[in-house]
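Let's work through some exercises on side-chain pairing and packing. Have the model open, try each task, and then compare your steps with the solution.

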Amino acid sequence: MAPLRRLHVMLAATALVACSEDPIVPLVQLTGVAPRQIELGDKLEIEGDAFPQGRKARVVFEGTLNRPGEATDVEGEVDVQGDVVAPDRIEIAATDAVVAAFCGAGATAVHTTFEGSVTVVFAAQQAGAPPVSGSLQHATIDVLPTAAGQARYLANMEDGDKLLRAAGVRVESRASGGLVVTDVEPKSRAATAGLVPDDVLLAANGVRTLAIADLAPPSDSGSMTLLVQHAGSATETVTLGLGAGAHSETPTRFAMPAALVGGVALLLALLAASPGRFVVWLRRRLAERHRASSLRATSSDAFARALGLLTASTIPLLVPSADVGLLSLVLFTGALAMALLVGTESERTPARALLLATSRIAPVAAALAGALTLAGSLRAGELVAAQGAAPWGFFALRSPAHLGLAFVCCTWPAPEAQGLAPSLSRVSNQLIATLHAALLVVVFFGGWRVPFMSAHVRGGLTWVLTFWFVAKTALAVTVIRRLHGALPSRPFAAQVRSAWFRFMPLAAAATLGAMLWERHVTSRGVEAATTFGLTALGVAAFLQLGWSRPVTRLRVDPIA
């Protein structure tokens, strides 16, 4: 084997010489890479011979990067620095930058299996002399992502579980790695592929199967390649066919919600264009009913806030996996319906009220869509799990761009209104404002995460998470009300222009800035300093809003 290994080293060095202006002399020999699995803070060791003591080494990983839920990157290349700690060992520290180079940065980070060659290059000590190198073929390394990829992991876990159900197979994790098949349904896709109980799934599409999340299939793939170990240690590669139910996002998932929201939006547009007798009658009835109501305004507001908080409490208590995108569509549609029925604080005609409400919602919807894209998930539980319980772990405080997205989302809705039915308009806005604040807490401010507690507790502790979430939502409502009270009031045309020509570009710029930040800023020191500064700024702003005297206005423009 030693002569054959030397031949591989010579061939690799020859290829490097042919592709480089500077010839590389193969004077070092690599024998192995350990450990096979690393995560943040570990040390990856390159074993070999004749390493120059005390030198820095350039280590290049070239090959395939296999990730669950993604197509294989067959031209992957990772270039890092290592330290020679002994004549036969090079150490590479698994820093944030190294882990991000393999797994991806931020919320998109995911478990990655590397397969390919490892080349070590030492710079020449004399001017004009060629570099010294060595190469190792067929190396395999698993790199686990940082905690920032928790939401992606949970999404892949659900997608992997969906694949198992669609394939008709059940598995259990094994301590030494791999997934053990415990049951296979007759005539299922798994049975057709040849899987039987006690088989061990070692890899899926090149990804070493450490958990069910590693079985997440690419969205555009019709099959999955599995490396299976049968009883007796015999290994075999099998192909598992994927049906429509095995993919992470199927067209039927959003078909019904999209149809409902689209139908309501079309109905609102038709009613706004030509209200007709029914809408006019309904608007007048609502106005007369609330003028005849004996409820005081403060009692109505308190009832609306309590109803909103009670509704929000059902998210962590009953539906932690709720779809945030769908909840947002329902909330925005409800706001448009109320604007059509009761008007706004300055526009009582249906068409102008609907246009103003749409202009207010559009920047918020754009910013929320950007935030959900960056987070990599639509499920409330996954969004919360990917954040920390303390302010410095919030999504909104990752960078100034993330905070910009949160600010745009906080500019809607208005807390008070004076439409055709002032009391009803005020109550509806209070209810929508409370539900909107709950949505912002989930996406931007840590949701129901409690310090020193998991986001996935069960039993009686769920009530603790729910109480914490309701308290944070109530606080968010107060802060947003203070923010709206500090904004000036403007006429209809100015409000529409401000929405489309100020806040829409701000939402787009913040989304782009956040994407660039998560892709290029991988230094933990920079992230910590930025988060600390933004946390201090947020606390100062909250104290300023809390101690300032509230401003009461009949007309409040939430986006001017």
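Aspartate 183 forms a salt bridge with arginine 170, with the closest N and O atoms 2.6 Å apart. We will start from this pair. The model is predicted, so local features need pLDDT of at least 70, side-chain atom pairs count only at pLDDT 80 or more, and totals for chains, interfaces and linings use all residues. Residues are numbered from 1 along each chain as its sequence is written, and side-chain values use heavy atoms, with hydrogens and water left out.

**Exercise 1. Examine the salt bridges of arginine 58 with aspartate 79 and of arginine 208 with aspartate 142.**

Step 1. Begin with the total, which is 8 salt bridges.

Step 2. Arginine 58 and aspartate 79 meet at 2.8 Å, N to O. The pair links distant parts of the chain, 21 residues apart: arginine 58 is in strand S5 (residues 56-66) and aspartate 79 in strand S6 (residues 73-86). Arginine 58 has 39% relative accessibility and counts as partly exposed; aspartate 79 is partly exposed, with a relative accessible area of 39%.

Step 3. Arginine 208 and aspartate 142 meet at 3.6 Å, N to O. Here 66 residues separate the partners, with arginine 208 in strand S13 (residues 207-208) and aspartate 142 in strand S9 (residues 132-143). Arginine 208 is buried at 18%, and aspartate 142 is buried at 0%.

Step 4. Look for a further partner: Arg36, Asp142 and Arg208 are linked in a network of salt bridges.

**Exercise 2. Classify two aromatic pairs by their ring geometry.**

Step 1. Set the rule. Rings of Phe, Tyr and Trp (its six-membered ring) pair if their centres lie within 6.5 Å; planes under 30 degrees apart count as stacked, over 60 as edge-to-face and the rest as tilted.

Step 2. The structure holds 9 aromatic pairs. One of them joins phenylalanine 407 and phenylalanine 503, with 6.2 Å centre to centre and 25° between the planes, and is stacked. Phenylalanine 407 lies in helix H11 (residues 400-410) and phenylalanine 503 in helix H14 (residues 492-520), so this pair ties together parts that are 96 residues apart in sequence. Phenylalanine 407 is partly exposed at 35%, whereas phenylalanine 503 is buried at 8%.

Step 3. The rings of tryptophan 448 and phenylalanine 469 have centres 5.8 Å apart and planes at 85°, so this pair is edge-to-face. Tryptophan 448 is in the loop between helix H12 (422-444) and helix H13 (461-485), and phenylalanine 469 is in helix H13. Tryptophan 448 is buried at 3%, and phenylalanine 469 is buried at 0%.

**Exercise 3. Which residues have the most contacts inside the largest nonpolar core, and which element gives the most to this core?**

Step 1. A nonpolar core is a set of buried Ala, Val, Leu, Ile, Met, Phe, Trp, Tyr and Cys residues joined through side-chain atoms within 4.5 Å.

Step 2. The largest such core has 49 residues, and those with the most contacts inside it are Val324, Leu368, Leu405, Val442, Val443, Phe444 and Trp448. Helix H9 (350-375) is among the elements that give two or more residues to this core, and H9 gives the most, with 10 residues.

Step 3. Zoom in on leucine 405, using contact in the sense of heavy atoms within 4.5 Å. Not counting residues up to four places away in sequence, leucine 405 touches residues including Ala367, Leu374, Phe444 and Ala507.

How values were computed:
Salt bridge = Lys/Arg side-chain N within 4 Å of Asp/Glu carboxyl O. Helix = DSSP H or I, 4+ residues; strand = E, 2+ residues; numbered from the N terminus. Buried < 20%, exposed > 50% of the residue type's maximum accessible area, 1.4 Å probe, protein only.
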